[in-house]
Each structure stands twice: as structure tokens, then as C-alpha cells.
Amino acid sequence: MFDILFCNADILTMRDENRTVLNGYVCVEGKYITYVGKDLPSAPSKRTIDCTGKILMPGLINTHTHTAMSLLRGYADDYALNEWLFDKVFPVEGRLTAEAIEAGVRLGFAEMIRTGTTSISDMYYFQPMAAQVALDMGIRASFCNGIICFDADSFNPDADRGVQETITLSREFHNAGNGRIKADASIHAEYTSSPKIWHFVNNLADKYNLNMQIHLSETKSEHENCIEKYGKTPSQILAENGVFDRKTIAAHCVWLSDDDMDLLAQKGVSCAHNPISNLKLASGIASVRKMTDHGMNVALGTDGCCSNNTHDLFEEIRAAALLAKGISYDPTALCAYDALKLATVNGALAQGRENEVGRIKEGLEADIILLDMNSPITRPMYDPISAVVYSASGRDVCMTMIQGKILYENGEYKTVDIEKAISDADELAKKIISGEDLC
Ligand SMILES: [Zn+2]
């Protein structure tokens with residue numbers, strides 16, 4: 001017996017050989033997809049969901065975010081990058097307590113589940129606590145604490161919070177929740193550390209068999225300062241120091257040279273493209289087409305909510321498609337299907353989860369979303385893929401399932417008290433503005 005049968009669904013499988021199944025069926029048993037097809041399966045199901053007028057597709061994958069920054073949504077808009085970071089973000093982050101970060105994480109996960117994101121790669125601090133919230137709320141997530149060290153001589157791993165959180169994540173959370181939660185290693189960025197630290201983090205990753213997350217060539221000045229300092233680009237110096245000798249997600253990649261792209265492709269590094277954050281902070285526009293032409297895997301991220309200000313990945317998909325066309329004067333530079341792959345198939349590959357999620361296929365885990373296309377915003381629908389990319393948004397998601405469990409359905413959140421999550425965040429925001437202690 002199936003646990004859930006989805007019927008009459010327009011299915012976006014994200015499988016190149018069979019992209020859509022119109023008016024089809026998907027069955028879920030336990031945490032797995034066990035049937036996808038045009039014919040009604042003969043076995044009975046415990047629950048049947050009629051998907052008439054709805055699109056069924058894989059949950060979206062956000063390969064770069066700082067979820068706790070949901071608490072800072074709208075806190076620092078329209079500032080220049082340096083002022084934004086040093087005068088606004090760093091001072092307020094210095095005041096954030098564990099409780100405040102937990103509230104930000106809970107709000108962020110609720111937003112992601114609401115808007116159809118089912119798997120994330122997250123870089124922040126207090127990560128073992130965030131991993132526990134993810135376990136409880138049901139989202140799929142790979143957590144890291146980006147290690148920062150400006151003075152390598154004083155680096156003490158036993159006292160370094162990033163190192164200690166990485167070890168705790170590895171020991172207590174890696175593969176928890178039936179593989180849903182993972183620990184990653186992380187160097188925050190080239191410009192916030194140095195070769196001694198990179199070697200230490202490489203060893204840490206090898207010891208616990210972890211993937212890597214890093215920020216790479218986000219801004220022009222960061223990229224050029226590195227060339228001045230080492231005579232090499234950030235990609236070159238990090239590769240030379242062994243940082244990419246394991247599965248790596250490199251966030252941003254706005255200023256890569258052609259040689260950098262060849263190098264990253266050869267090393268199997270995935271780019272987490274964050275088009276809206278890059279636009280909002282005026283960092284530049286990464287060229288998805290160029291990176292893929294050089295053989296790189298490109299996935300999508302939102303970055304933190306203080307530079308976006310949403311975790312709605314449908315907005316990133318659309319922005320990525322439009323920007324790729326705009327900067328190349330070529331409307332065919334990134335077609336709707338390839339844009340959607342950034343947030344599904346390519347995201348799964350970037351996270352090392354390509355055999356778990358990213359497509360609607362028998363044997364993969366059931367991370368499934370439904371979009372209600374029965375609205376004047378999305379009708380008529382000539383092509384379901386292009387309707388999702390160019391007309392839909394996260395607000396059209398009416399059901400989110402992760403590992404076979406429904407976490408959100410028709411306005412109802414199953415694993416979080418949404419009124420409390422929102423009011424906790426509102427109360428903390430008042431204290432952030434008034435300068436009161438956060439607790
Ligand atoms: Zn970031």
C-alpha cells in the first residue's frame with residue numbers, strides 16, 4: 001500500500017529524457033518516491049491528493065544562505081557594501097544571542113518550507129542549534145560554520161568557535177534524520193583567512209569526510225586584492241592549497257577569469273549563483289552561461305536575508321534566467337528548463353545529494369512540492385516549465401513534502417507554530433532597533 005498517491009498532476013520530472021508527465025501519478029512510500037507515470041497504479045493508497053490544476057515538481061535547493069539572517073530582513077537596505085557590512089551587519093551580529101539566532105533560523109526555515117525550498121546549504125554560527133531546529137522542523141540541510149581568522153599566529157583550534165562547531169556538527173549531526181542533516185567544513189573566504197587556516201580546515205574536512213562551502217570572488221576588490229597579495233586569483237591560490245580537493249560549493253563566483261572557470265570545472269567545484277544578493281549589494285553579475293560553457297556545475301542560492309530580502313528561490317530562478325539573457329544580448333542564453341535545473345538537479349549535485357533528491361524519479365527521496373496554477377497569474381499555461389520559471393512564485397506553493405512527510409499544506413504549517421515564529425521575530429526586531437539586550 002502506498003502512503004500517498006498524487007493524481008491528475010502535471011509533473012515536472014527534471015529528467016532530461018522525459019521532462020514532463022502531464023495528468024500523471026506519483027506514489028510515495030515511507031521516504032521514497034516509488035512510482036511516477038501516466039497510468040493509475042493498481043495498489044491502494046492511504047491518502048490520495050487530487051492535483052488537478054497543480055504542478056508537481058522536485059523541492060527547490062538553496063545552495064547558499066545564512067538562514068538566521070532572516071531576523072535582519074529589511075534591517076539594512078540601500079547601503080554601499082562596506083558600510084552595509086561594517087557599520088550595520090557586523091555590529092548587530094555581535095549582539096545576536098543563541099535565542100535570537102534560533103528565532104531567525106525558525107522563521108527562515110518556515111519561509112523556505114512555505115515557498116517550496118526543501119534542501120539548503122547554510123553557513124553561519126550557533127550551527128549545532130540550527131541543526132537541531134532543522135531536525136525538528138523537517139527541512140533537509142547541510143550546515144557549516146565559515147572559519148574566519150585574520151591572525152594565523154594566534155589561531156587556536158581548541159578555542160576557535162568555527163572549528164569547535166564543525167566538530168560538534170560532525171560528531172552529533174552528520175547524517176542525522178536519515179541522512180537529512182549533514183555537516184560541511186567551511187573556510188569563510190580567501191580574504192578572511194590564510195594558507196595555514198586553509199590547511200587546518202582541509203585536514204578537518206578529511207578527518208570527518210566533509211564537503212566544503214566557501215565564498216569566492218564575490219566582489220571586484222576582493223578578487224583584485226588577492227591578485228595583489230599572492231600574484232594569483234582566489235580560485236588559483238585556494239586550489240594550489242588543496243581547498244578544492246573535495247566536493248565544494250563556491251558562493252558567488254562573480255569575478256572569475258576564464259582560467260578560473262577551467263580550473264574550477266576541472267576540480268568539480270560547483271558555483272552557488274546568488275543573482276539577487278549580487279544585484280542588491282552591487283557586486284556585479286556572474287555569468288552562468290560562461291561558467292556552464294567552461295564545464296562548471298552552477299546551482300542557485302539566495303544568500304542571507306539582509307541582502308536579498310527573501311528566501312523565495314523562484315525569484316532567483318527568474319532573475320538568473322533574465323540576467324543571463326540581459327548580459328549576453330542573447331534571449332537563448334539560459335532557457336527556462338536550464339534555469340529550473342539550477343535550483344533542482346544542479347543544486348543536488350552541488351550538495352552531493354544527486355542520488356537523494358533533485359528529480360521526480362522512482363527510488364529518490366520524496367522531496368516534492370505542489371504549485372497551484374489555478375490563478376490569473378499563471379493562466380493560460382502553454383508550457384508548464386516556462387509557467388513555473390516566468391510566471392509563478394513561491395507564494396503559489398500549496399504543499400511542501402520532505403522525505404515523504406508533508407510539512408506545509410494549504411496555509412497550514414505542520415512542524416512549526418507560525419504565529420509564534422513571526423511574533424518572536426517581531427519582538428526581537430523591536431529590541432534590535434531600540435538597542436535593548438536580545439534574549
Ligand atoms: Zn554568503
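View 1. Helices (H or I, at least four residues) and strands (E, at least two) are DSSP runs, numbered from the N terminus. The model is predicted: local features need pLDDT of at least 70, side-chain atom pairs count only at pLDDT 80 or more, and totals for chains, interfaces and linings use all residues. Residue numbers start from 1 along each chain as its sequence is written.

**View 2. A cis bond links asparagine 308 to asparagine 309.** Its omega is near 5 degrees. Asparagine 309 belongs to the loop between strand S13 (297-300) and helix H12 (313-328). Most peptide bonds are trans, and most residues other than glycine have a negative phi.

**View 3. Histidine 252 and cysteine 253 have positive phi values.** Histidine 252, in strand S11 (residues 248-252), has a phi of about 95 degrees although it is not a glycine. For cysteine 253, phi is near 55 degrees. Cysteine 253 lies in the loop between S11 and helix H9 (258-267). A residue is buried if 20 or more other C-beta atoms lie within 10 Å of its own, exposed if 12 or fewer, and partly exposed in between; C-beta atoms are placed from the backbone. Histidine 252 counts as buried because it has 26 C-beta neighbours inside 10 Å. Cysteine 253 has 28 other C-beta atoms within 10 Å, so it is buried.

**View 4. Eight strands form an open, parallel sheet.** The order is S6-S7-S8-S9-S10-S11-S12-S13. Strand S6 (60-65) and S13 are the edge strands, and each pairs on one side only. Two strands pair if DSSP finds at least two bridges between them. Direction ignored, neighbouring strands are turned by 25 degrees against each other on average. Axes are lines fitted to C-alpha atoms, for helices over the stretch in contact, and angles run from 0 to 180 degrees between N-to-C directions.

**View 5. Strands S7 and S8 pair in the parallel sense, and helices pack on the sheet.** S7 (residues 117-123) and S8 (residues 140-144) share five bridges. Serine 121 has serine 142 in S8 as its bridge partner. Helix H3 lies across S7, S8 and strand S9 (181-189), at about 175 degrees to S8. H12 touches S6, S7, strand S12 (270-273) and S13. The direction of H12 makes about 135 degrees with that of S13. Two residues are in contact if their C-beta atoms, placed from the backbone, lie within 7 Å.

**View 6. Helices H2 (residues 98-114) and H3 (residues 127-137) cross at roughly 35 degrees.** Their axes come within 10 Å. Ala98, Glu102, Val105, Arg106 and Phe109 in H2 meet Met129, Ala130, Val133, Ala134 and Met137 in H3.

**View 7. Helix H7 (residues 220-230) has buried residues on one face.** They are Glu222, His223 and Cys226. Seen down the axis of H7, they fall within an arc of 100 degrees, so they line one face. The arc is that of the directions from the helix axis to the C-beta atoms. What covers these buried residues includes helix H8 (234-240). The face turned away carries exposed Lys220 and Glu228. Glycine 231 follows H7, with a positive phi near 75 degrees.
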